[in-house]
Amino acid sequence: MYPQPYDPYNSGFQREEADSDFAEFTENSPFDIAIALCPNCKKQYQSSEEVIEHLNSADSCWPENLTNGSLLPVPQALQRPPEQTDLSAKYHPTSGYHYLLPDQPPPQNIFQEMQDHPLQQARETNVWYPFDGLGEWSLAKFLVENLSQTQIDKFLKLDWFKTRERPQFKSKDELFFYMQQLPGRGPKWQCTKLKLKGYESEQPIHLIWRDALEVTKKLFANPVYVKHMCYDPHYIYQGQERQFGEFWTSDDAWKIQDQLPEGATIVPIVLASDKTPVTRHTGGLEMHPLFLTIGNIQADVRMKATSHAWRCTAFMPTPTFVVNSDFQTLLRTRLWHKCMDLVCSNLKVAARVGEYMVDPSARMRYCFTPLISHIADLPEQLMIACVMKNSSPVTTATHKEFGDETPHPPRNGSDTYTLIQQLCNRVDPWNLIVFVREAKKLHLSGVHLPYWRNWRHSNPATFLTPEILHALHEFFFDHVLKWIKQIMGHELDVRFKSHHKRTGIRHFSGGVSHVNQMTGREHRDIQRTIVPTLWGMASPGFIRAVRAMIDFIYLAQNPLHTESSIASMTQALRDFHNNKQAILDAEARQGKGGAKDDFFIPKLELMQSFTRAIFHVGTLMQWTADVSERLLITHCKHPFERTSRQRDFVSQITRILD
């Protein structure tokens with residue numbers, strides 16, 4: 001008997017614990033006893049490392065049909081120097097099985113599917129087929145990536161081609177047809193026209209999207225990542241101290257696996273979104289791109305833009321409705337959640353009942369797709385959590401509690417959705433005036449159908465992960481640096497200009513006070529020297545507060561946490577709160593009406609949830625928005641710039657994306 005699924009939205013459901021047989025098996029796992037047993041042939045070995053070496057050896061006891069010459073990669077947490085002998089691991093005993101489905105052809109990864117392409121025979125003599133060769137393929141790639149469709153047609157009709165050899169394609173339509181014959185294309189893009197019943201928009205509402213489950217399957221089956229994948233929850237210990245790194249080393253990974261059938265594989269879904277303008281012309285178009293990746297890919301690979309581990313999955317519309325301005329944002333937010341429902345519907349089904357997927361090694365796995373992280377800035381997090389601006393998206397704290405030293409309880413999705421349901425039972429959610437008025441009393445935004453409501457194992461209190469770029473570096477620029485400017489004045493620039501030039505440390509020859517906007521890299525460069533720069537210009541308490549905040553920022557970015565490093569990070573934030581009164585005494589915190597006497601800062605409240613987040617989902621650097629901010633340019637703005645911006649704009653962009 002296995003643990004039954006736990007439903008966080010059913011308050012009356014009590015999870016059953018595993019029976020004694022399961023508990024005994026866990027207790028007697030080969031990783032916990034002095035003599036390790038091979039799980040297949042039951043031979044005894046002196047350590048778990050010897051068992052792994054035996055299974056991976058040429059004379060492995062596994063049957064021949066289960067070995068294909070490819071070995072599973074070692075988890076990143078265990079990729080340490082051999083001299084580090086105090087490292088041990090404990091794997092979940094019932095995770096990540098392979099399956100052979102009867103009466104089904106052998107599973108294929110993406111590369112093997114490409115080998116079965118109908119035109120593969122022609123590519124054996126010309127790998128660039130249907131193009132003549134590398135030159136014609138390079139020309140086609142340049143035209144598609146840099147010119148609009150109208151410009152492509154004009155280019156191909158130039159008189160220049162009358163005296164030179166023409167490419168095979170004579171128009172943009174022929175070029176796109178040739179590109180459609182290339183192998184390895186992802187899930188098909190589609191356009192869905194939406195309409196909010198009872199409310200008109202100035203322009204038609206078009207959702208440009210593709211099925212998020214199909215995108216996930218393609219990522220999961222990509223052999224490029226075969227040496228950088230993880231499938232099993234595991235605990236890592238250095239001596240007696242537990243370590244936290246990837247999601248797989250967190251508490252939530254183990255808890256989710258406990259609630260799944262024996263042999264199931266978790267495919268953690270990671271989303272990122274942000275509103276951005278996608279065109280620059282007059283009346284530019286704003287959309288809400290959605291990006292997706294999976295937590296099976298190691299974080300150091302996944303978070304590199306050049307690894308192409310992220311996929312653009314949808315472009316959410318941001319229409320202008322013909323309504324009172326008080327309800328404009330609410331209708332857009334409701335539409336966004338509806339679009340998310342549509343795009344992620346199959347992912348939510350897979351999270352509840354599972355889906356067979358092929359991994360990069362062409363093995364079949366029974367997969368479940370919980371949402372473990374939705375990377376977003378603070379306004380986006382409030383929209384996702386369906387709460388008002390004066391509330392925290394991840395805790396129950398409200399505006400006047402943002403400066404509190406003690407953490408507040410998490411704002412669980414089940415509690416939020418219960419409040420929404422109770423409100424809907426009393427008030428019609430489409431009676432906007434009354435519904436919004438009553439929702440504000442409960443600190444709700446007025447959204448009645450949040451997209452995460454029926455996504456199993458997904459809780460906004462945990463999947464709204466702390467975001468380093470916005471929550472820390474922008475907090476430093478918007479607040480800490482302003483406090484320092486207030487008390488140092490022109491002297492701040494003088495000291496930065498007088499810094500000795502040193503390799504590895506940026507020299508701000510023009511000072512820092514005149515800069516209105518900075519990149520994350522510039523934030524980090526200033527943080528390196530800001531504490532000694534303060535010396536002699538501020539009180540000891542002020543300097544201690546700034547140093548404590550810098551310590552917290554640095555410790556929060558640790559790529560590998562232990563219980564002691566988490567305690568140090570928590571203590572650094574506590575030290576800031578113990579010394580923050582010195583900032584108010586110096587009248588460094590200024591507002592429109594003069595000096596402020598409070599710390600009602602939303603991002604300061606978010607810092608209280610960092611410790612809890614590390615235990616739930618692992619270290620925080622893997623959830624930073626640095627990559628998604630870059631994707632907004634490479635995956636969003638460039639494709640839209642290549643359209644002719646005519647009436648068939650939507651069909652053009654769908655074809656370009658395809």
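**Stop 1: strand E3**

Select E3 and show its side chains: Leu-87, Ala-89 and Tyr-91 make up a covered face, while Ser-88 and Lys-90 make up an uncovered one. Bear in mind throughout that this is a predicted model.

The open sheet has four strands, in the order E3-E6-E7-E16, and the pairing is antiparallel. Strand E3 (87-91) and strand E16 (561-562) are the edges; each has a single partner strand, so one side of each is left without a neighbour in the sheet.

**Stop 2**

Select residues 234-238, which are strand E6; five bridges join E6 to E3, and the two run antiparallel. Leu-87, from the covered face of E3, stands opposite Gln-238 in E6. Lys-90, from the uncovered face, has Tyr-235 of E6 as its bridge partner.

Next, select residues 241-244 for strand E7. Three bridges join E7 to E6, again antiparallel.

**Stop 3**

Select Tyr-129 and Pro-130 and display the backbone. The peptide bond that links Tyr-129 to Pro-130 is cis, with omega near 15°. Pro-130 belongs to the loop between helix H4 (120-123) and helix H5 (134-146).

Go on to His-457, in the loop that runs between helix H15 (432-441) and helix H16 (460-463). His-457 is not a glycine, yet its phi is positive, near 65°. Is this residue buried or exposed? With a relative accessibility of 14%, His-457 counts as buried.

Then select Glu-587, in the loop between helix H22 (581-585) and strand E17 (590-591). Glu-587 has a positive phi too, about 55°, and is not a glycine. Its relative accessibility is 49%, so Glu-587 counts as partly exposed; the cut-off for exposed is over 50%.

**Stop 4: helix H7**

Select residues 172-180, helix H7, and colour its buried residues: Lys-172, Leu-175, Phe-176 and Tyr-178. Turn the view to look down the axis of H7. The buried residues fall within an arc of 155°, so they line one face of the helix.

**Stop 5: the H21 and H24 pair**

Select helix H21 (residues 563-579) together with helix H24 (residues 610-617). Their axes come within 10 Å and cross at roughly 160°. Angles over 145 degrees count as roughly antiparallel, so H21 is roughly antiparallel to H24. The crossing of the two helices is right-handed.

Which residues make the contact? Show the side chains of Ile-566, Met-569 and Thr-570 on H21, then those of Phe-610, Thr-611, Ile-614 and Phe-615 on H24.

Methods: Residues are numbered from 1 along each chain as its sequence is written. This is a predicted model: local features need pLDDT of at least 70, side-chain atom pairs count only at pLDDT 80 or more; totals for chains, interfaces and linings use all residues. Side-chain values use heavy atoms; hydrogens and water are left out. Two strands pair if DSSP finds at least two bridges between them. Buried means under 20% relative accessible area, exposed over 50%, partly exposed in between (1.4 Å probe, protein chains only). The arc is that of the directions from the helix axis to the C-beta atoms. Axes are lines fitted to C-alpha atoms, for helices over the stretch in contact, and angles run from 0 to 180 degrees between N-to-C directions. Angles under 35 degrees count as roughly parallel, over 145 as roughly antiparallel, 65 to 115 as roughly perpendicular and the rest as oblique. A crossing is left-handed if the near helix is turned anticlockwise from the far one by less than a right angle, and right-handed if clockwise. Contact means heavy atoms within 4.5 Å.
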